[in-house]
Amino acid sequence: MIEIKTSKLSDGELNRGVFAKRDIKKGELIHEAPVLPYPNEEHEHVEKTLLADYAFEYGINHSALVLGYGMLFNHSYQPNAYYDINFDNHTFDFFAYKDITAGEEVLINYNGEVDNDDPLWFNEEKPDNELV
C-alpha cells in the first residue's frame, strides 16, 4: 500500500517520504506503526541526537519513537493523512484524511491535529542567548 521514495519536500541528506503505491480511500488505515515509549525525563538524552526530531508525545508522562514507516511521514499544513495514538496496541495508526492517489506523497500535520497551523518546534525562533 505504501513505500518509501525520495520526497521533493526536502533537499537534505535524508529526503525520504512515504508514498501511496495504490489509491487509498478516505478513512482507510494506511499503517500501524509500533512505538518505543520512554519516560519524559529521559528525553534530555534523546534531545542530544538526531532522533529528537522524530520523537512524538505519547500521553502525559511519556514520549515515543515511532517505528515502521511512522517516522518517515512528512509534514503538511494541508495533510492528506492523520494519526491516532492507539495506547492499547502501542501503535500510531495512520489513516487517510482524504482520498490519496497512487504515487502521491502521504503527509501528516506534525502538530497532531489536521487543522492545527501552529509553528512547528523546529521552525520556532530560538531565544537569543547573547549577553547584552
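1. Two strands are said to pair if DSSP finds at least two bridges between them, and strands themselves are DSSP runs (E, at least two residues), numbered from the N terminus. In this predicted model, β4 and strand β5 (residues 62-66) run antiparallel and are joined by three bridges.

2. Residues are numbered from 1 along each chain as its sequence is written, and side-chain values use heavy atoms, with hydrogens and water left out.

3. On the sheet: five strands, in the order β4-β5-β3-β8-β7, make up an open sheet with antiparallel pairing. Its edge strands are β4 (55-57) and β7, each of which pairs on one side only.

4. On H90: this residue sits in the loop between β7 (81-86) and β8 (91-96), and, although H90 is not a glycine, its phi is positive, at about 55°. H90 is partly exposed, with a relative accessible area of 43%, where partly exposed lies between buried (under 20% relative accessible area) and exposed (over 50%), with a 1.4 Å probe and protein chains only.

5. On D115: this residue belongs to the segment after β9 (107-108) and is exposed, its relative accessible area being 67%. Although D115 and Y77 are 38 residues apart in sequence, their C-alpha atoms are 7.0 Å apart in space.

Definitions and conventions:
This is a predicted model: local features need pLDDT of at least 70, side-chain atom pairs count only at pLDDT 80 or more; totals for chains, interfaces and linings use all residues. Helices (H or I, at least four residues) and strands (E, at least two) are DSSP runs, numbered from the N terminus.
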